[in-house]
Structure formats: C-alpha cells, structure tokens
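Student: Can you walk me through this model? I'd like the overall picture, then some local details.

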Amino acid sequence: MSAALLSGCGLVAREDAAEQRSVTVWLMKDSASKDFVDRFTEEFEGDHPGLDLQVRIQQWTGIGEKVRAALKADGTGGPDVIEVGNTQVPQYAEDGGLLDLTLESMRDWGLRDWLPGLAEPGQWMSRQYGVPWYAANRVVVYRKDLFERAGITAPPRTQQEWLDITERLDTGGTQGIYLAGQDWYTLAGFIWEEGGELARQRGAVWQGTLDSAAALRGMDYYRRLQALGDGPVDADEEHPPQAGVFAGGQVAQIVAVPGLARAIVEQNPELEGKLGFFPVPGKSAGAPGAVFTGGSDLVVAKNTDAREAAVAVVEALAGEKWNTELARAMNYVPNKKSLAAAVAGEEGVTAMAAGAARGRATPTTPRWGAVEADNPIKEYMTAVLKGGDAATEARRASERVTDLLDLDGE
C-alpha cells in the first residue's frame, strides 16, 4: 500500500528523472590512456542506463587549490569522483569535504587486501575516505651488461648482498650506483626496513623520529650505499635528472620507478634491451625491502548530488576487472596484493609489484605537506653525507619536523 501511495504522489516519476543525470569524474593527466577511459565509459554507461559519465582530465599543477574549491562549492556542476595523490587524502578529509567510504570498503571492496601504501594514507581519524586506484614504487634499474662484465649472475636478495655487488661494480670509470644525496623517498624505505618511522603520533601530537636508533640505522645504510657512486650529496634525484645521468655515463644502477627506463632508452638507444629491474632488497632474503608507495586514490565529494552513481564509479574503477586493465595498460601495480599476478609478464612491473607488497606511505597527517615543502629531511641527509654527526643532525631535523607537524602551527 505504501508503494502505491508513493507512486500516486509521483515519486516514481521523480526517481526516473533522477536517473537521467550525469556523474562527473576528475582524472589526472596521463593517469589513464584515452583508450582506457573510452572503454570504461562505454561499459559503465551500458551497465547503468540513463547515466551520463563525464570524465574530465586535470593537470597536477595547482590541483590542490582546485580540489579544495570544488569540495567547498554547492556541488552543482562540480566533480563527484576525484583522483587524488595518495598522500593528499588526509588534508581534504580534515576539511570535511569527502564522503566516508568505510562501510563499502570493508563490506564490499576488500579493504584488507589493498596495498598498505595506498590504503593507509586514504584514512583519516580511522575512517576510509580514499579508495586505492593504482600504485607505483621504486625498484632498482640496472645495466645487465655491466653486471655480466663484473661476473654478477643474479640480482642481490639482501641489503648486504646489494652493498657487496655495488662495491664490485664501483670500479674504474663505472659508478656502482648513482644515488643523489637528497633522495629522501629512498631513505624512507631504509628507515622503515629497520623498523623506524619518519614521524610518530603520540596522542594528538605528531613528533619527528629521525633520531631514533632504527632511523639512524636506515640513514647509515643510505650513507654506505650512496658512497659507492658519484651522486651529488646536496641535490635530489631530479637535479640533475637521474635518467639523463644513467643514459649518459657508466652507471650500473639507479633507484627509480620502472617507467623511467623509457626515458633512459630514448636518450641513449644503445641501452635498448640492456636494462633490468629488481625489487629494492630487504634485510633478509625472504622479502623485498620496504619502499615508499606513490600512486592515486579515488575519493567521492561529500557535496555530490549523485552519491549512488559516484560510489558505483569508484567501485567499478577500483574493482578487479578495470583495475587490472589499468595496470596492464599503464604499467602500474594493481591496488590489491592478490592481483599482482595480473602484471607478471613485464619485468619492471613484476619487480615493482613485489616491492609494493611492502609499500608504505608518509605519515597520515594533513600537515605532512608542510614537511615536504620545507623538507628538513633533505638538509639532514646532506649534512650527514658531508661528514656531520648523524645523531646530532637527526635530532635537529626531528625537531624541525615536529614543529612543521604542529596542527596549530602556520
């Protein structure tokens, strides 16, 4: 009887009209190919009659302010689903602009199988706002011919083996490894491998922890490895771009995402077929080392007027079929550990997927962006590599990180 009364009042007609609507998705430039977007759009609209999917490509430059403005708007004509960097979720969630997707994540989407480096930064105050979409993390890119010349028949499986073979490679005109002194993402992995953290939360307060015993061990390993090459101690991996250094000289190894190999070969076609990949080694042979996991999460704007449609888009994009399709098309790591086999045919992605299982992310605080902007970690690394006392420099850097993470600070 209730259904009949509601129908008589015209609710069914209004629901039909509501189904004839658009859902707008913001994806970042180069995250997905046009072919992928076109195929996804066609299938999604076919599975959801009456729904018009509008995918709009955004530029990374200036995207933070653009997203904030959209999340604060009245929702009319704005994005319903947004791709964001995995470490950006907490700041948008803190502002109250994101839809809480904890229930769907736990009940339907397999939260416990997600890559930790994507899932953890997608949380804020123990709630899941960001849904992992794809991951990319650093591996070791190496010259197969230089390894063979040095009599090295297999990639190293442990940190100690890595040091040993790098020392063998660092001879004559060959750098054992090119590792810039301020490559703090790589340092973070070494710190995590030792059981340390960049910062820890104690109650409501975040504190820098670069001066912990574990973090100092990670820095010491970085120092020993970095010394087996000629990487600048006072610059990061983009100054100069390490792809160009690797392409132009006798460098045996770099730490980078596998996709950088394309840029290397473009600059030096003679290296075609000579590049190999292996996961960053860990302390023991049983597992790769911890690494920083970059990538993107999908979020739903809280001000959306198409909630169910937006959630359906996230479910489809992050689901097994389309997530696997994206990983294959773009050489990404899928969002779940159980999907790693789907990209097993490509050496670089296979190495990346192995490392992603131990992937981590930066501290899940909206203030972490301030740390990266000021970046006392880089200054700390340079000071140590120039001969400064590690404990003293780490304590100074930790104090600065603590100040920057102060939620009441500017």
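Tutor: We'll go from the whole chain to single residues. Keep in mind that this is a predicted model.

Student: Fine. How many helices and strands are there in the protein?
Tutor: There are 19 helices and 13 strands.

Student: What about the radius of gyration?
Tutor: The protein has 23 Å. A compact globule of 410 residues would come near 22 Å, so the value agrees with that.

Student: And what does the C-alpha trace span along its principal axes?
Tutor: About 85 × 50 × 35 Å.

Student: How much of the protein is buried?
Tutor: Buried residues are 51% of the 410.

Student: What share of the contacts links residues 24 or more positions apart?
Tutor: That share is 77%, counting contacts with a separation of 6 or more.

Student: Surface and charges next. What is the accessible surface of the protein?
Tutor: It comes to about 18200 Å². Carbon and sulfur atoms hold 49% of that. As for charges, the side chains include 40 positive and 60 negative ones. The centres of those two sets are 3 Å apart.

Student: Let's go local. Which residues of H10 are buried?
Tutor: Trp184, Tyr185, Thr186, Leu187, Ala188, Gly189, Phe190, Ile191, Trp192 and Glu193. The helix covers residues 184–193, and ten of its ten residues are buried, so H10 is largely enclosed by the rest of the structure.

Student: What comes just after H10?
Tutor: Gly195 does, with a positive phi of about 90°. Gly195 is also one of the residues in contact with Ala214.

Student: Where is Ala214?
Tutor: In helix H11, residues 213–226. Ala214 has a relative accessible area of 12%, so it counts as buried. Beyond its neighbours within four places in sequence, Ala214 contacts Glu194, Gly195 and Gly196.

Student: How far is Ala214 from Tyr380?
Tutor: Their C-alpha atoms are separated by 16 Å. Along the chain, the two are 166 residues apart.

Student: Which peptide bond is cis here?
Tutor: The one from His239 to Pro240 is, with omega near 0°. Pro240 sits in the loop between H11 and helix H12 (242–248).

Student: What about phi at Asp30?
Tutor: Asp30 has a positive phi of about 75°, although it is not a glycine. It lies in the loop between strand E1 (21–28) and helix H3 (34–47).

Student: Is Asp30 buried or exposed?
Tutor: Exposed, because its relative accessibility is 55% and the cut-off is over 50%.

Student: And Asn375, buried or exposed?
Tutor: Buried, at 8% relative accessibility. Phi of Asn375 is positive too, near 50°. Asn375 is in the loop between helix H17 (368–374) and helix H18 (376–385).

Student: What follows H15?
Tutor: Asn331, with a positive phi near 60°.

Student: Stay on H15. Which residues there are buried?
Tutor: In this helix, residues 320–330, the buried ones are Trp322, Asn323, Thr324, Leu326 and Ala327. Their cover includes H3, strand E6 (131–137) and H14.

Student: Why would residues spaced along a helix point the same way?
Tutor: An α-helix has 3.6 residues a turn, so residues three or four places apart point the same way.

Student: OK, H14. What does Leu317 touch?
Tutor: Leu317 is in helix H14. Setting aside residues up to four places away in sequence, it touches Phe36, Phe40, Trp133, Leu298, Trp322 and Asn323. Leu317 counts as buried, at 2% relative accessibility.

Student: How far is Leu317 from Ala69?
Tutor: The C-alpha atoms are separated by 24 Å. The pair is 248 residues apart along the chain.

Student: Last one. Where is Asn303?
Tutor: In the loop between strand E12 (291–300) and helix H14 (307–318). Asn303 is buried, with a relative accessible area of 17%.

Student: Which backbone oxygens lie by the side chain of Asn303?
Tutor: Those of Ala70 and Ala73. The Ala70 oxygen is 3.0 Å from a polar atom of the Asn303 side chain. For the Ala73 oxygen, the distance to a polar atom of that side chain is 2.9 Å.

Definitions and conventions: Residues numbered from 1 in each chain as written. Predicted model: local features only at pLDDT ≥ 70, side-chain atom pairs only at ≥ 80, totals over all residues. Heavy atoms only, no water. Helix = DSSP H or I, 4+ residues; strand = E, 2+ residues; numbered from the N terminus. Rg over C-alpha atoms; globule rule 2.2 N^0.38 Å. Buried < 20%, exposed > 50% of the residue type's maximum accessible area, 1.4 Å probe, protein only. Contact = heavy atoms within 4.5 Å. Areas by Shrake-Rupley, 256 points an atom, 1.4 Å probe, with all protein chains shown as cover. Lys, Arg positive; Asp, Glu negative; His and termini not counted. Charge placed at Lys NZ, Arg CZ, Asp CG, Glu CD. Polar contact = N/O pair within 3.5 Å; in protein donor to acceptor, adjacent residues only side chain to side chain.
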